[in-house]
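Take a look at the model below.

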Protein chains: 2
Amino acid sequence: MSIDLMIEKIKEKNDTPISVGLDPKIDYIPNDIKNIISKKYGFGPKFAAKCLYEFNKGIIDAIYDIVPIVKIQSAYYELYGSEGIFTFADTINYAKMKGLYVIVDVKRNDIEETSEAYANAYLGKTNITYNSKFQAFGADSMTVNPYFGSDGIVPFINVCKKYSKSIFTIVKTSNKSSFEIQDLICEGVPLYEKIAHFVSEWGKDLIGKNNYSNIGAVIGATHPKVFKTLRKIMKKSYFLVPGCGAQGGSVKNISDAFNENGLGCIINASRSIICAHMKNNENYQNEARRETLKLSYDVKKLFS
Amino acid sequence: MSIDLMIEKIKEKNDTPISVGLDPKIDYIPNDIKNIISKKYGFGPKFAAKCLYEFNKGIIDAIYDIVPIVKIQSAYYELYGSEGIFTFADTINYAKMKGLYVIVDVKRNDIEETSEAYANAYLGKTNITYNSKFQAFGADSMTVNPYFGSDGIVPFINVCKKYSKSIFTIVKTSNKSSFEIQDLICEGVPLYEKIAHFVSEWGKDLIGKNNYSNIGAVIGATHPKVFKTLRKIMKKSYFLVPGCGAQGGSVKNISDAFNENGLGCIINASRSIICAHMKNNENYQNEARRETLKLSYDVKKLFS
């Protein structure tokens with residue numbers, strides 16, 4: 001089971017339940033990288049995409065021995081067009097080569113046939129001729145949006161089964177106005193709890209040897225009060241928790257997202273790690289590593 | 001206003017409120033295209049992507065003089081990896097060159113900063129250096145998912161204002177299990193009606209000279225009973241209606257989606273048009289044109 005592989009990697013990295021978010025923008029890239037790349041590629045989209053890749057490789061090199069997971073936010077690659085998608089694919093490959101568990105944060109969802117295409121694109125394989133298939137992106141896991149209901153999610157579940165992969169379903173998001181829709185009271189409970197029940201149900205046939213399912217949930221760190229309830233509804237789901245750091249969530253408040261053994265939750269930090277060098281203009285790799293170790297220390301204090 | 005441009009194109013094409021969905025898969029491609037492309041590219045992902053592009057060009061050539069709009073479903077390009085995204089971008093460019101209004105069906109949504117990246121990727125421009133920007137995909141319009149609430153949509157609205165573009169928000173989808181979440185009763189009404197009120201609100205500062213807003217709604221043809229209510233809530237929103245044809249919705253049932261003057265709604269058909277040749281092994285361009293004219297005739301009967 002894919003979720004067991006993820007847990008194994010967490011344990012290998014000294015029980016560090018942290019994912020580093022590779023959400024780069026050209027503004028974050030140090031000048032020395034830009035200078036080298038611009039000599040070869042000028043200043044078009046290929047320049048931007050190559051800068052992002054060099055930057056990502058540097059971040060990965062700086063943290064791969066201390067964290068088990070990277071989360072790659074697709075929007076920041078789509079922003080640079082087709083060239084950006086090459087960097088997205090190359091980053092997945094580099095992270096996998098370094099032994100990291102790769103979650104692509106794409107939040108896809110659609111009708112059944114289209115969800116199947118998304119699932120095969122990011123986690124499965126693509127048919128080309130009757131006897132040839134290829135792996136388009138080959139991530140370990142992806143985020144999905146639940147709005148279409150079960151038949152928009154079942155194709156992802158099928159691909160998780162077939163290729164041993166996992167998904168994380170958006171349940172309660174970290175942004176300020178998430179309450180407008182996600183907190184609407186439906187049949188006596190907030191909508192996000194209804195979604196949580198679906199997540200629990202969708203995962204019931206995909207439980208691994210660590211008693212976690214391959215169908216996880218995304219829950220923002222900015223809403224710490226919801227963790228206790230959601231933990232009860234989704235006993236066997238891993239929680240992927242963004243929103244610490246730049247978005248204002250605090251690690252101290254999210255102990256309820258974990259189970260007692262320190263499993264069940266991954267904390268993702270993106271900008272607080274990959275932009276750490278911008279505060280003091282220091283080496284970006286050293287700063288990213290320092291911030292990652294600091295976050296790791298803070299998270300582990302929750303269980304000490 | 002972008003929505004006025006779309007209406008102008010509908011009127012230019014003999015008041016035809018139809019969008020052709022370019023959702024190609026390698027299985028749909030006629031052998032003569034595959035044979036030519038394989039000689040140059042073999043049978044890898046580049047072969048698949050080039051086949052899709054030739055096929056799309058053929059479809060566009062066959063229908064651009066009789067319809068105003070194409071809708072390009074991103075999943076079927078992501079399925080072929082980075083090479084697929086090149087075809088996605090090339091298809092947008094070719095359709096625009098032929099004067100078509102281009103909706104990219106990407107159903108993106110995320111937290112504010114990330115939605116801004118998506119909005120700039122598909123509709124706006126991307127900063128590369130302090131004095132250079134480029135257009136990553138340059139579509140006229142895109143579909144978005146509402147689950148994050150207003151601050152996940154505002155960046156799209158801002159980009160619509162800045163670059164004169166439009167968006168279509170998912171409200172009620174055509175798939176069978178859409179009821180599971182979208183029909184949950186929230187404060188006395190189904191969730192999709194709540195979303196419809198947001199869509200109406202989001203569009204109120206973006207009303208064009210035809211009295212329609214740049215913020216439209218996606219509503220599946222398979223739920224004809226909802227049109228009357230949603231038309232009342234979203235008086236000034238264009239409806240994008242997929243699900244006729246292959247998905248089982250009927251044109252006859254969707255007259256309530258239109259206003260009395262025949263405006264306010266676009267019907268999208270994908271597989272029924274682009275796969276028409278597979279039933280009888282005829283020329284795919286002729287069959288696509290024939291199916292498009294047939295759909296056009298059926299839609300216009302609604303107002304005769």
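Begin with strand E1 of chain A, residues 18–22. It is joined by 4 bridges to strand E2 of chain A, residues 69–73, and the two run parallel. Within this pairing, A:Leu22 stands opposite A:Ile72 in E2(A). Keep in mind that this is a predicted model.

Now follow the strands around. In chain A, 8 strands close into a barrel. The order is E1-E2-E3-E6-E7-E10-E11-E12, and the pairing is parallel. From one strand to the next, the twist averages 30°.

Chain A holds 13 helices and 12 strands. How does its radius of gyration compare with that of a compact globule? A compact globule of 304 residues would have a value near 19 Å; chain A has 19 Å, so the two agree. Along the principal axes, the C-alpha atoms of chain A fill a box of roughly 60 × 55 × 40 Å.

Turn to the packing. Of the 304 residues in chain A, 60% are buried. Consider next the contacts in chain A with a separation of 6 or more. Residues 24 or more positions apart account for 71% of them.

Finally, bring in the second chain. What about the interface? 100% of the interface residues of chain A are also interface residues in chain B, so the copies meet through the same surface.

Key: Residues are numbered from 1 along each chain as its sequence is written. Chains are lettered from A and ligands numbered from 1 in the order in which they are written. This is a predicted model: local features need pLDDT of at least 70, side-chain atom pairs count only at pLDDT 80 or more; totals for chains, interfaces and linings use all residues. Two strands pair if DSSP finds at least two bridges between them. Axes are lines fitted to C-alpha atoms, for helices over the stretch in contact, and angles run from 0 to 180 degrees between N-to-C directions. Two residues are in contact if their C-beta atoms, placed from the backbone, lie within 7 Å. The radius of gyration is taken over C-alpha atoms; the globule rule is 2.2 Å times the number of residues to the power 0.38. A residue is buried if 20 or more other C-beta atoms lie within 10 Å of its own, exposed if 12 or fewer, and partly exposed in between; C-beta atoms are placed from the backbone.
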